[in-house]
Amino acid sequence: VRAARNRGLLRTLAALILVTHATAQSTQHEVRVTTPDFIGLRIVGGGSVNPRGVTFDYALAAAAYLLAAGGSGDLPPTSVNRFDRMEVQVTRQGRWSLHVIATPFTHAGPGEPAGLVVGDVRVDRGATSGLAQNAILMAAGGSSGYAESWPLATTAQRIAWRNGGTGGWRSLGFSGWDYVLRVQGDEAPGTYRTTVTYFLTFP
Amino acid sequence: MKKLVATLIATGMLLGIGVVAAQPATHELSVTIPQMLLVRIVVDDNVLPFVEFDFANNPAPYLAAIELGGAFVSPTDSNIIDIEVVSIGDSWTLSVGATAFAATSGLSVASADSDVVVFQGLTNQFAITEAAAPVRFGPAGYQSLNITGFDYRLFVDGDENPVGTHSIMVTYSVVQP
């Protein structure tokens, strides 16, 4: 009886092995990833911790100031801190725009401020830094655009726009060294300060 | 920062450009304008500025003047091509003074009836006197006065004595109110 039972068990095992070899078996599951809309704007650059900024300090370079006042009027920054480039990343679909706005100048120095407004500072994109932008895919028909130069203003102004995501962080092609100060020689002495803000919008 | 973002949102809405959709990127920007006040005599060479009335080799203009009983004569040489004023922050006043001629020279800059005059047309001329006197005014900024050494005139009437070279030093100075 035991022998007969063993034979039956062996047959059952053999049958199971045959079944296993006879058909492939697989199973599946879904991996679902949902990425949130991401829109980012950042200024990148090395230097001391604070402040991030662009400085035109001609207190000790009066000759250069004088030369500009009597000539072209244009002066470059004397120093730039933590502003090697600006980058944007957009994953959200749709049209987005980049804007810039500056606060009115505050003044510290002898006498009253005069002769200088934030509009006397402009950005000539990539002109000095040599940076190239790859954030805006220039297309015909006005679906994208990017100003080559913009003066600062105390009201928001759009400087770039495009449709669709950027596919990662992309350079906007300018640094603090691309800022230019225009002087005429009638500026009151002292130090003028403003905060410049770049921001993105979706209509 | 919250206040800034709120301001930007409000600004964006007011301008009809939609709502701010990302953290803005900001940076500071500062401009320092130097305090400056200067007057500069511009020359066309690298030597000290001068105005020269040298009639030793060409006496004709001098003789013509004294034959008239006295007249202004023009310089024979100068390297001064301009006088410039830079006044950052305020208006300016330019004064001119001079050292005296030797008492025996027969030339004088002692009074407004000076023998040395800077001539820029009938209404814009000024005498150079020992006492510094204001001669030009201007607003803040850079200004070329368009005065050259050949705008100077010397009054001669034949009483200049002794024969020789007589020199004075002319000084331009600028002040802010």
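How many residues of chain B are in contact with residues of chain A, and how many of chain A with chain B? 32 residues of chain B are in contact with 49 residues of chain A, where contact means heavy atoms within 4.5 Å.

Before the rest, the ground rules. This is a predicted model, in which local features need pLDDT of at least 70 and side-chain atom pairs count only at pLDDT 80 or more, while totals for chains, interfaces and linings use all residues. Residues are numbered from 1 along each chain as its sequence is written, chains are lettered from A and ligands numbered from 1 in the order in which they are written, and side-chain values use heavy atoms, with hydrogens and water left out.

Now the interface. The two chains bury about 3,400 Å² between them, and 66% of that is on carbon and sulfur atoms. Buried area here is the accessible area (1.4 Å probe) that two parts lose on being put together, summed over both. On the chain B side, B:His27, B:Leu29 and B:Ile33 lose the most area to chain A, together 22% of what that side buries.

As for polar links, the rule finds 14 residue pairs in polar contact across the interface, both residues at pLDDT 80 or more. A polar contact is a pair of N or O atoms within 3.5 Å; within protein, one must be able to donate a hydrogen and the other to accept it, and residues adjacent in sequence count only if both atoms are side-chain atoms. The count of salt bridges between the chains is zero, a salt bridge being a side-chain nitrogen of Lys or Arg within 4 Å of a carboxyl oxygen of Asp or Glu.

Which element of chain B gives the largest share of the side that touches chain A? That is β2(B), with nine residues. Helices (H or I, at least four residues) and strands (E, at least two) are DSSP runs, numbered from the N terminus. By class, this side of chain B has 20 nonpolar, eleven polar and one charged residues. Ala, Val, Leu, Ile, Met, Phe, Trp, Tyr, Cys and Pro count as nonpolar, Asp, Glu, Lys and Arg as charged, and the others, Gly among them, as polar.

Strand β2 of chain A, residues 53–57, runs parallel to β2(B) over five bridges, with A:Phe56 opposite B:Val31. Two strands pair if DSSP finds at least two bridges between them.

Next, a sheet within chain B. It is open, antiparallel and has three strands in the order β3-β7-β12. β3 and β12 of chain B are at the edges with a single partner strand each, so one side of each is left without a neighbour in the sheet. The twist averages 10° from one strand to the next. Four bridges join β7(B) to β12(B), and B:Ser87 has B:Gly141 as its bridge partner. Helix α2 of chain A, residues 62–69, lies across β3, β7 and β12 of chain B, at about 70° to β3(B). Axes are lines fitted to C-alpha atoms, for helices over the stretch in contact, and angles run from 0 to 180 degrees between N-to-C directions.

Most residues other than glycine have a negative phi. B:Asn146 has a positive phi of about 55° and is in the loop between β12 and β13 of chain B. A:Arg82 has a phi near 55° and is in the loop between β4 and β5 of chain A.
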